[in-house]
Amino acid sequence: MASVDPAVRAAGARAAGARAVASEPRRKTVSNSFLHRLQRRHFLMFDVLPIAGTAAAVAFLWVQPLGVTEIALLFTFWLVTGLGISVGYHRLFTHRTFKSAPSAAAVLAVCGSMAGQGGVVSWVALHRRHHECSDREGDPHSPNLAGGGLRGRLRGLAHSHFLWMRRHEYPNVAHYAPDLIRNRPLMRVARRYHLWVVLGLLLPALVGGLAHRSWEGAVSGLLWGGLVRMFVLEHTIWAINSFLHMFGTRPYESRENSRNGGIFALLTFGESWHNNHHAFPDSPSFGLTWYRLDPGYWLIRILAAGGLARDIRLPSGQRRAAQRTGRREAAGLDPAT
Ligand SMILES: [Zn+2]
Ligand SMILES: [Zn+2]
């Protein structure tokens, strides 16, 4: 989702003379040519390359057919990095929906970093800005600001799903993520963002090479457990930004156009309960009820059972009922507030 990792951003802020960040700590966004160059580089390396890698993986099937090893690597690394994003980057670091033991927080940050969707600080800053400005000017990736009609909707979807990452305003992390910057153990992980991404590519290559005892196996492992896995997870997470701000059900009032896509719950680690999430961003559960599948929340419960997570509070039934679509208008309140 994010397109510049925090260590690079910090260096960029110094090197590029983005002194406005320091001299105007309350400025909300930063925009300069150095940051845009970094964004473009990140976009090509981490967003475009997985597309090419997926095409290469299909072509490589002539050399190394798809086997149990490749499927297991794709599934395992998709699961680990997806939970790192959903539970670590999103529910823990962005919204602080529960408290975590430092060891679990570090592991979640590493797993999220391996996804290649940006360093944790920039991801969090961008996502907090998304919640602040959802579907209004300033939202980094709204599909609803590109005009009406079919053309405007298609342009909005393309922007929110993918193209916004080429170049965008950069949220001032001093404003949006000061809690993370003060978190020294987390910053130690965050500074090594590129190392974790490379590790997420080398590990499946190593397993593939050992399983097949060949270089072809290593390449196949790198492609399926690395680049195809990145491609699948990226488009899954981006679809929340794009399609689920346009299509789906809307059980709760919220000021933006977020939607639920329940049938995608398992595929998205529970992230597709996106209207629930915008209505109750402080809830560690996005499904809100036991029968709405939410693998990210299941992991939080497992961590809690192991003593690694605490302070897990769900919105009360009364609060949920009060926010049901139509209830606020019926009570004579503005649904947009
Ligand atoms: Zn969120
Ligand atoms: Zn959203």
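A nonpolar core is a set of buried Ala, Val, Leu, Ile, Met, Phe, Trp, Tyr and Cys residues joined through C-beta atoms within 7 Å. A residue is buried if 20 or more other C-beta atoms lie within 10 Å of its own, exposed if 12 or fewer, and partly exposed in between, with C-beta atoms placed from the backbone. The views below come from a predicted model, in which local features need pLDDT of at least 70 and side-chain atom pairs count only at pLDDT 80 or more, while totals for chains, interfaces and linings use all residues. Residues are numbered from 1 along each chain as its sequence is written, and chains are lettered from A and ligands numbered from 1 in the order in which they are written.

**View 1. The largest nonpolar core of the protein has 63 residues.** Ala109, Val120, Val121 and Val124 are the residues with the most contacts inside this core. Two residues are in contact if their C-beta atoms, placed from the backbone, lie within 7 Å. Helices (H or I, at least four residues) and strands (E, at least two) are DSSP runs, numbered from the N terminus. The elements that give two or more residues to the core include H4, helix H5 (102-114), helix H6 (120-133), helix H11 (193-212), helix H12 (215-242) and H14. H12 supplies the largest share, twelve residues. For the protein as a whole, the secondary structure comes to 16 helices and four strands, and 48% of the 337 residues count as buried. Among contacts with a separation of 6 or more, 68% join residues 24 or more positions apart.

**View 2. Helix H4 (residues 68-94) crosses helix H14 (residues 295-305) at roughly 75°.** The two axes come within 9 Å; axes are lines fitted to C-alpha atoms, for helices over the stretch in contact, and angles run from 0 to 180 degrees between N-to-C directions. H4 contributes Leu83, Ser86, Val87 and Arg91 to the contact, and H14 contributes Gly296, Leu299 and Ile300. By class, these are four nonpolar, two polar and one charged residues. Here Ala, Val, Leu, Ile, Met, Phe, Trp, Tyr, Cys and Pro count as nonpolar, Asp, Glu, Lys and Arg as charged, and the others, Gly among them, as polar. Because 20 of the 27 residues of H4 are buried, H4 is largely enclosed by the rest of the structure.

View 3. Most residues other than glycine have a negative phi. Arg96 lies in the loop between H4 and strand E2 (99-100), just after H4, and its phi is about 50°. Arg96 is partly exposed, because 14 C-beta neighbours lie inside 10 Å. With 20 C-beta neighbours inside 10 Å, Leu288 counts as buried.

**View 4. Val48 belongs to helix H3 (residues 33-60), and Val207 belongs to helix H11.** The UniProt record (an unreviewed entry) places the feature "transmembrane region" at residues 43-65, 71-89, 193-211 and 223-244. Positions from UniProt are given in the numbering used here, feature names are shortened, and annotations may be inferred rather than shown by experiment. Residues 43-65 are 78% helix and 0% strand, with the end C-alpha atoms 30 Å apart. Residues 223-244 are 91% helix and 0% strand, with the end C-alpha atoms 29 Å apart. Val48 and Phe231 are 183 residues apart along the chain, and their C-alpha atoms are separated by 8.9 Å. Val48 counts as partly exposed, with 14 C-beta neighbours inside 10 Å. Val207 is buried, with 20 other C-beta atoms within 10 Å. Not counting residues up to four places away in sequence, Val207 touches Leu73 and Gly221.

**View 5. Thr325 lies in the loop between helix H15 (317-323) and helix H16 (327-330).** Leaving aside neighbours within four places in sequence, Thr325 is in contact with Arg250, Pro251, Tyr252 and Glu253. Thr325 and Glu253 are 72 residues apart in sequence, yet 5.0 Å apart in space, C-alpha to C-alpha. Thr325 is partly exposed, because 15 other C-beta atoms lie within 10 Å.
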